[in-house]
Amino acid sequence: RTKEIALAIHRGGEFMRSIQREDGSWYGSWACCFCYGCWFGIEGLIKAGESHNSPAIEKCCQFLLSQQRPNGGWGEDFTSCYDKDYAENGMESYGDEGSGVVNTAWALMALSAAKCRNVDAIRRGVHYLMKRQLDCGDWPQEGISGVFNRACGITYTAYRNVFPIWALGR
């Protein structure tokens, strides 16, 4: 079955490349939205054998870096899901100056998996997460981070702690 498994992995990589958007991003079907999709897109391509410096991964990194907010974080709200476009104002209504801890964690995990060479951008994202951590050790509950069928927002309260810890641990 080794050949069958290798073929399935190869096809998975082809599929990931085929659904990558022109701007380098991936739409995140189960969460808000493009930071999440980029994380899974990069991880999937790497697991399928893609080189860290492949055009697809480099283009996704450039997309993520272009969305980093002045405070070092990344942010999207639920509008990214139903508009299928990165939320221009980030998490303006729910986060911190348009950034959010969950989106920032997803972006950092994507850039980390890609071995992004822009250390300054990663450092700024890490500092953003550190700044947002509460005295009790948690991170603040912000806007909706999960989604179902582009229209049903889901608040996963564990996301605010799980993903920042995971990102900082990388």
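In the predicted model, helix H1 (residues 2-19) and helix H2 (residues 34-47) cross at roughly 145 degrees, and their axes come within 9 Å. The crossing of H1 and H2 is left-handed. On the H1 side, the contact is made by Ile 9, Gly 13, Met 16 and Arg 17, and on the H2 side by Phe 40, Gly 41, Leu 45 and Lys 47. Sorted by class, the residues of this contact are 4 nonpolar, 2 polar and 2 charged.

The loop between H1 and H2 contains Cys 33. The peptide bond that joins Cys 32 and Cys 33 is cis, with an omega of about -25 degrees. At the other end of the helix, H2 is followed by Gly 49, which has a positive phi near 100 degrees.

H2 is mostly covered, since 11 of its 14 residues are buried. The buried residues of H2 are Phe 34, Cys 35, Tyr 36, Gly 37, Cys 38, Trp 39, Gly 41, Ile 42, Glu 43, Leu 45 and Ile 46. Two of these, Gly 41 and Leu 45, also take part in the contact with H1. The cover over the buried residues of H2 includes H1, helix H3 (55-67), H4, H5 and helix H7 (159-169).

Helix H3 was examined in the same way. Its 13 residues should span 18 Å at 1.5 Å a residue, and the end C-alpha atoms of H3 lie 19 Å apart, in agreement with that value. Within H3, Ala 56, Ile 57, Cys 60, Cys 61, Phe 63, Leu 64 and Leu 65 are buried. These buried residues pack against H1, H2, H5 and helix H6 (119-132).

The packing of two helices is described by the angle between their axes and the distance between the axes. For H3 and H5, the angle is about 145 degrees and the axes are 10 Å apart. H3 passes H5 in a left-handed crossing. Cys 61, Leu 64 and Leu 65 of H3 meet Ala 107, Ala 110 and Leu 111 of H5 in this contact. By class, the contact of H3 with H5 has 6 nonpolar residues, with no polar and no charged ones. The H3 residues of this contact, Cys 61, Leu 64 and Leu 65, are also among the buried residues of H3.

The loop between H3 and H4 contains Asn 71. With a relative accessible area of 15%, Asn 71 is buried, because the value is under 20%. Leaving aside residues up to four places away in sequence, Asn 71 touches Asp 96, Glu 97, Ser 99, Arg 124, Tyr 128 and Lys 131. The side chain of Asn 71 reaches the backbone oxygen of Asp 96 at 2.9 Å. Asn 71 and Tyr 128 are separated by 57 residues in sequence, whereas their C-alpha atoms are 6.8 Å apart in space.

Glu 97, one of the residues touched by Asn 71, lies in the loop between H4 and H5. Although Glu 97 is not a glycine, its phi is positive, about 55 degrees. Its relative accessibility is 59%, so Glu 97 counts as exposed. Lys 84 is also not a glycine and has a positive phi of about 55 degrees. The position of Lys 84 is in the loop between helix H4 (79-83) and helix H5 (101-113). At 39% relative accessibility, Lys 84 counts as partly exposed.

Strand S2 (residues 152-154) contains Gly 153. A relative accessible area of 35% places Gly 153 in the partly exposed class. Gly 153 touches Phe 78, Ile 144, Gly 146 and Val 147, with residues up to four places away in sequence not counted. Gly 153 and Ala 31 are 122 residues apart along the chain, and their C-alpha atoms are separated by 8.5 Å.

Methods
Residues numbered from 1 in each chain as written. Predicted model: local features only at pLDDT ≥ 70, side-chain atom pairs only at ≥ 80, totals over all residues. Heavy atoms only, no water. Axes fitted to C-alpha atoms, helices over the stretch in contact; angles between N-to-C directions. Helix = DSSP H or I, 4+ residues; strand = E, 2+ residues; numbered from the N terminus. Left-handed = near helix turned anticlockwise from the far one by under 90°. Contact = heavy atoms within 4.5 Å. Nonpolar A, V, L, I, M, F, W, Y, C, P; charged D, E, K, R; others polar. Buried < 20%, exposed > 50% of the residue type's maximum accessible area, 1.4 Å probe, protein only. Polar contact = N/O pair within 3.5 Å; in protein donor to acceptor, adjacent residues only side chain to side chain. Expected span 1.5 Å × (residues − 1).
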